[in-house]
Amino acid sequence: MEEVITLDYGSGGEKTSELIHSILLPLFDNPALAPLGDGAILSGQEQLAFSTDSFVVTPWRFPGGDIGKLAVCGTVNDLCMTGAVPRYLSFSLILEEGFPVNALREIAASAAAQARQDGVRIVTGDTKVVERGKGDGIYINTAGIGFLRASGLGQDAIKKGDAILLSGCAGCHGAAVLMARAGLADAGGPVSDCGSLLEVSQAALSAGAIRIMRDPTRGGVATVLAEFAEGTPLTMELWEAAVPVDPAVAASCGLLGLDPLYSACEGRMVAIAAPEDAEAVLAAMRQAPGGEQAAIVGEVTDRYPGSAVLNTALGGRRLLPRLTGAQLPRIC
Amino acid sequence: MLCESDFQNPAGTRQALDRIRDLAAGTGPIRIMEVCGTHTMAIARCGLKSLLPPEVRLISGPGCPVCVTPAGVIDGILRLTEDPSVTIASYGDLLRVPGSRRGDCLLRRKAAGASVESVYSAMDALALAQQRPDRQVVFLGVGFETTAPGTAACIQEACSRRVSNFSVLSLLKQTEPALRALIAAPDFGVDAFLCPGHVAAITGSQAFRFLPDAFGLPAVVSGFEAGDLVFSILELMRMLAYKKPDLVNEYRRLVKPEGNPAARQMIRQVFAPCASQWRGLGEIPEGGLAIRGEYAHLDAALRFDFQPEDAGEIPGCRCSDVIRGVLDPQDCPLFQTVCTPADPVGPCMVSGEGSCAAASRFRQLS
């Protein structure tokens, strides 16, 4: 019979310990975690970045990744966007009674592999089990600490004339997950961009003057640009024809009635760079893993203060507001 | 997968736009109505209005299936969610559409504990019923001729599988009777029609022949990419300029003159035309499709004694004028003041295909 999570695994007793020792510890093994204290003792006295994120994606495995990889990348990427190099992560599980133990093993292994690749240590964590019907299989929360390597990043640093860069195709993760959810995932379909931004963000920072970086997760590229413009006298102008969109993502979005510009990414970043450094930053991003398809996709002007604007492939121009509500599947 | 990118910005689009400008100088003000929500969104998304000359105005007609569903019907559906045995399965569009009380919608009811599921097709709803034999799954069959064949196929499938906990509430509408009602209205003021490509794939382009023949109105069946729209509008402008109204099928890669006879036969087997209430247009003879007697056991209207409530519109909401194309979204007193995509009042702002949502989400810039 398939081994599944039971309420005992969340008891705090023997089964909890078994879960930690047989599955999690061997995968996340490192000296800060090993004592299994109430918290990890860490060294470091630099300026720190601190971030947290929770992951509830269904299905937990999707083309291009799974919730374990996503949980590490999500917080790693948030830290990277502040200009930090991520160092330590917490990893907390909320499991639903009946969740297969083998699935948990796969998810933890995937998280561990991603953490190793990014040089981050999972140093603390927690496990809770909720009754069947009270959760959706598995939820993960991660929090992370990074050491700040760049300073002065932020909305205030954006200037008229700056270049807007996107590190790869827009909207892959949202399209891949929604297709998987609709039971339409197959070979040739959209693949999530779920991945780390560590290398591509560090490459950008070392190549020129970066004003701000953000990973366009929920709400997509459009929402990030609308947020950059909000409350400023500036305009984020996006050139539709310059935005890389994977053909499978474009086709899936057409099918599902979604817009790739509003569809979530989980391994892309929008960066705003000084105009004189834009080409160098672009070249550096393209050299980094995950940044091969980076492109300059727009520029900062002051034509429509406080707004993001799309210059369409047809030559039209319209407002690019932030996403309101969830993107829901539509009829025709 | 089939990509439509070739039609997004084909060669000659710019020249076509120039030609539209030249023709418009001769015709004077022209009002072209699209009657498909997907057209409304496609026009807004590609920024077409910012490229057309001021003489050419595109206005949205009753093309959003959830917008034309009357408030009282939505109220009836919301009441149905109060039946503890019922799970409502609906296309995502309908989840946010309010009835006669502001903010009360299926999504709100779901958050408050009602059993409401979003599905992509009628078949998904049938599968849900089979997975959940303890629930009465009611599929909200909303849409035009586009969704009717799939809904019909699903009803036939449910019948042959003898699924007893599944039923369909038919809110289906027919396009032609609505266009005739619109044209007959005293305040009708449209010069030409951009006809819905998806509907025509089923009905055939010939189904729109009555527009030029009976009413002298130029009509073009159009696809949904920017290039399709530009060339379709150019075709309409030519007919208007030379005063030769006709029917043209621009969407030939998908639409045949005779449409899809097999799909139409399936619709006829399961549904019969019936009088139907449309938001904005009132009762339209043959404006809807009702489930035929042989499938009565799968008709949610009978199973749950469904009665639309006798409800008026939300106070101040002028969606019914917007749906008829007599009021531009921007001219509604509530537009972007009280009624916004984040806090919508009426269905035209709520629906992903509503003209007010299109006008505010994709505000055209000069």
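## Helix α3 of chain B

The model is predicted. In chain B, helix α3 spans residues 71-80, and its buried residues are B:A71, B:V73, B:I74, B:D75, B:I77 and B:L78. An α-helix has 3.6 residues a turn, so residues three or four places apart point the same way.

What do the buried residues of α3(B) pack against? Their partners in chain B are β3 (86-90), α4 (106-111), β5 (136-143) and β6 (166-172).

## The sheet in chain B

Four strands of chain B form an open sheet. Their order is β4-β3-β5-β6, and the pairing is parallel. The edges are β4 (116-118) and β6 of chain B, each pairing on one side only. On average, neighbouring strands are turned by 25 degrees against each other, direction ignored.

β5(B) and β6(B) run parallel and are joined by seven bridges. Opposite B:F166 in β6(B) stands B:V137.

## Helices across the strands

α3(B) lies across β3, β5 and β6 of chain B. Its angle to β3(B) is about 135 degrees.

Helix α5 of chain B covers residues 122-131. This helix lies across β3, β4, β5 and β6 of chain B and runs at about 175 degrees to β5(B).

## Contact between the chains

Chain A puts 25 residues in contact with 36 residues of chain B. On the chain A side, α7 (247-256) and β13 (317-319) each supply at least two residues. The largest share, five residues, comes from α7(A). By class, this side of chain A has 15 nonpolar, seven polar and three charged residues.

Notes: Residues are numbered from 1 along each chain as its sequence is written. Chains are lettered from A and ligands numbered from 1 in the order in which they are written. This is a predicted model: local features need pLDDT of at least 70, side-chain atom pairs count only at pLDDT 80 or more; totals for chains, interfaces and linings use all residues. Two residues are in contact if their C-beta atoms, placed from the backbone, lie within 7 Å. Ala, Val, Leu, Ile, Met, Phe, Trp, Tyr, Cys and Pro count as nonpolar, Asp, Glu, Lys and Arg as charged, and the others, Gly among them, as polar. A residue is buried if 20 or more other C-beta atoms lie within 10 Å of its own, exposed if 12 or fewer, and partly exposed in between; C-beta atoms are placed from the backbone. Two strands pair if DSSP finds at least two bridges between them. Axes are lines fitted to C-alpha atoms, for helices over the stretch in contact, and angles run from 0 to 180 degrees between N-to-C directions.
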